[in-house]
Amino acid sequence: MNDTITIRRACPDDAPVVDTLVREIAAHEGDSAHVHVTASGWRDLLGRADVTVLLAERAGEPLGYVSAQRRLHLWTGGDILALDDLYVRAQARDGGVGRELMTALARCAAVDRLTIRWEVKPENVAAQRFYRRLGARLFTKVVAGWPPEGYLPLLSPAGTHTPARHQESPC
């Protein structure tokens, strides 16, 4: 039996596999309702230069993935690598797959000496321990999200806050 873990960059042809893995992590985290991208959408995303998805496989079977996006960090004027998800299927956990994926992502970031940034839920103590063992620094911070249903009422004439004078959108 081949126990070798291989890590490779996902390409557009891997869209169905990536779609499946994303749906698995969303279900695991109770966030399935928030996944709107389709396999066809993944095909487009995987063709973008700023999107990195690395797949971990053993004997051709997907074990997990790490996804990130290269983006501008305005304070530094340079780019960072914003890690979106690190996911390892339940049957492959505690076997070094997560470490291999993070190491491969570090290799990608090292080319341009990019800082890798991500979020982890406060209650996910196991993930925090894992990231600390890799040498990551964890910071306490509240993450805010403002979906359209939250901000659109402010923009309507009947919104709770009406500006003194009407302003055109600066965008």
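## An exposed loop residue

At 87% relative accessibility, Asp-94 counts as exposed (over 50% relative accessible area; buried means under 20%, and partly exposed lies in between, with a 1.4 Å probe and protein chains only). Asp-94 sits in the loop between strand S4 (78-88) and helix H3 (97-110). Helices (H or I, at least four residues) and strands (E, at least two) are DSSP runs, numbered from the N terminus. The phi of Asp-94 is near 65 degrees, a positive value in a residue other than glycine.

Ala-59 also has a positive phi, of about 55 degrees, although it is not a glycine. Ala-59 belongs to the loop between strand S2 (51-58) and S3, and it is exposed, with a relative accessible area of 65%.

## About the model

Please keep in mind that this is a predicted model, in which local features need pLDDT of at least 70 and side-chain atom pairs count only at pLDDT 80 or more, while totals for chains, interfaces and linings use all residues. Residues are numbered from 1 along each chain as its sequence is written, and side-chain values use heavy atoms, with hydrogens and water left out.

UniProt, in an unreviewed entry, places the feature "domain: N-acetyltransferase" at residues 5-158; positions are given in the numbering used here, feature names are shortened, and annotations may be inferred rather than shown by experiment. Over residues 5-158 the chain is 34% helix and 25% strand, and the end C-alpha atoms are 57 Å apart.

## Strand S4 and its partners

S4 is mostly covered, with eight of its eleven residues buried. Strands S3 and S4 run antiparallel and are joined by ten bridges; two strands pair if DSSP finds at least two bridges between them. Within this pairing, Ser-67 stands opposite Asp-85 in S4. The hairpin of S3 and S4 has four residues between the strands, and Gly-77 takes a positive phi near 75 degrees there.

S4 also pairs with strand S5 (residues 116-117), in the parallel sense and over two bridges. Here Leu-81 stands opposite Ile-116 in S5. The chain crosses from S4 through H3 to S5, and this β-α-β crossover is right-handed: with the strands pointing away from the viewer, the path from the first strand over the helix to the second runs clockwise.

## Val-66 in strand S3

Let us look at one residue of S3. Val-66 lies in this strand (residues 61-73) and is buried, with a relative accessible area of 0%. Leaving aside neighbours within four places in sequence, Val-66 is in contact (heavy atoms within 4.5 Å) with residues including Thr-52, Val-53, Leu-54, Asp-85, Leu-101 and Met-102. Leu-83 is another of these contacts; Val-66 and Leu-83 are 17 residues apart in sequence and 7.5 Å apart in space, C-alpha to C-alpha.

## Gln-128 in helix H4

Gln-128 is found in helix H4 (residues 125-134) and is buried, with a relative accessible area of 14%. The side chain of Gln-128 reaches the backbone oxygen of Pro-122 at 2.9 Å. Beyond neighbours within four places in sequence, the contacts of Gln-128 are Val-120, Lys-121, Pro-122, Glu-123 and Leu-138.

## The cysteines

The structure holds zero disulfides (pairs of cysteine sulfur atoms within 2.5 Å). Cys-11 is in no disulfide, and the nearest cysteine sulfur, that of Cys-108, is 15 Å away. Cys-11 is partly exposed, with a relative accessible area of 32%, and Cys-108 counts as partly exposed at 31% relative accessibility.

Conventions: Polar contact = N/O pair within 3.5 Å; in protein donor to acceptor, adjacent residues only side chain to side chain.
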